[in-house]
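Have a look at the model first, then read on.

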Amino acid sequence: MPRRSAQEWIRLSLRTPGILIFGMVLSPCGWILDLTATVAPNWRTLHDIPNTPENEFIQQGIWDICRATSTNTRAECNLQDTTYFGNQIIEVAQGLMVASLIVTLIGLAVAIPGVRCWKDRPNWTVAGLGGLLIFLSGVMTIIPIAWYTHILDDVSTVTPRISVRVGYCIILGYIGGIMEILAGFVMFIGICRCCGGKNRGEVRVEEVNRARFSHQKQPPRRVDVPSLNRARSSASSVPYSKDSMDDDVSFPRAKTPAARSVNTSYSGRPYDADL
């Protein structure tokens, strides 16, 4: 997409962009999982070991080896196994896992000033560089985890009679590495404006103006209402006057009783009913 000047784009709100929030929340979570996978001695477990009880198993990590039982929660650690620690994958895993933890912290330290927390606009270049470091840290976690899983049964000190199972550190390492890769990638795409600026929460100025003008209210249409004051025709047969139209005729009026006349000079012939 061709590069455009900052004057042609406008932010929809002053909130922190969603891609930066996503990266800043997901990367520390992935770092905690990677830290657990690095220090915990459970990259694989060995069961059915000869000359040992059936409920006893050995947990092997990249820094330590422990012996535990299914009936006892306490494990005996600091076991020595020079053959196991002499494998190439162990040395590579130790270096890459520690480097991944350090690079993740550096990436967060670089990305924090770029995220808009006290500014009107985020510094996309700085935040993108921090996201790139976080992305690389996730890759450095996935490499030893995937390599160790691929040669899980080929690591020394394993005989055909021994049952090998994947430890929880492998699962946590996969989840943490994927979380860091996603967080770093999402933050890095903020360097380039894509999807019409929606990844940054921006739109073009001309689009805002076009939408603003289209939503303006149209002026009310003027309607000519005919006047009700019409001249009364002289040939009308309606028995009311123009003034009577102004009276309230919403209810019937009572008729006025006629005045009774008293005739004191009655001289007619009296009847029996009058007596």
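## Helix packing and cores

In α1, Ile19, Leu20, Ser27 and Asp34 meet Trp124, Ala127, Ile134 and Thr141 of α4, where contact means heavy atoms within 4.5 Å. Sorted by class, the residues of this α1 and α4 contact are five nonpolar, two polar and one charged. Here Ala, Val, Leu, Ile, Met, Phe, Trp, Tyr, Cys and Pro count as nonpolar, Asp, Glu, Lys and Arg as charged, and the others, Gly among them, as polar.

A word on the ground rules: this is a predicted model, with local features needing pLDDT of at least 70 and side-chain atom pairs counting only at pLDDT 80 or more, while totals for chains, interfaces and linings use all residues. Residues are numbered from 1 along each chain as its sequence is written, and side-chain values use heavy atoms, with hydrogens and water left out.

Two packed helices are described by the angle between their axes and the distance between the axes, so here are both pairs. Axes are lines fitted to C-alpha atoms, for helices over the stretch in contact, and angles run from 0 to 180 degrees between N-to-C directions. Helices (H or I, at least four residues) and strands (E, at least two) are DSSP runs, numbered from the N terminus.

| Helix pair | Angle | Axis distance |
|---|---|---|
| α1 (residues 18-39) and α4 (residues 124-150) | about 30° | 11 Å |
| α3 and α4 | about 165° | 7 Å |

α1 and α4 are therefore roughly parallel to each other, since angles under 35 degrees get that label and those over 145 count as roughly antiparallel. α3 and α4 are therefore roughly antiparallel. The contact of α3 with α4 has 22 nonpolar and eight polar residues, and no charged ones.

What about the cores? A nonpolar core is a set of buried Ala, Val, Leu, Ile, Met, Phe, Trp, Tyr and Cys residues joined through side-chain atoms within 4.5 Å, and buried means under 20% relative accessible area (1.4 Å probe, protein chains only). The largest has 22 residues, and Trp43, Leu46 and Tyr148 touch the most other members. At least two residues each come from α3 (88-114), α4 and α5 (168-188), with α3 giving the most, four. A second, separate core of 10 residues has Ile19, Ala127, Val186 and Met187 among its members.

Zooming out, the chain has six helices and six strands. Of its 275 residues, 32% are buried.

Conventions:
Angles under 35 degrees count as roughly parallel, over 145 as roughly antiparallel, 65 to 115 as roughly perpendicular and the rest as oblique. Buried means under 20% relative accessible area, exposed over 50%, partly exposed in between (1.4 Å probe, protein chains only).
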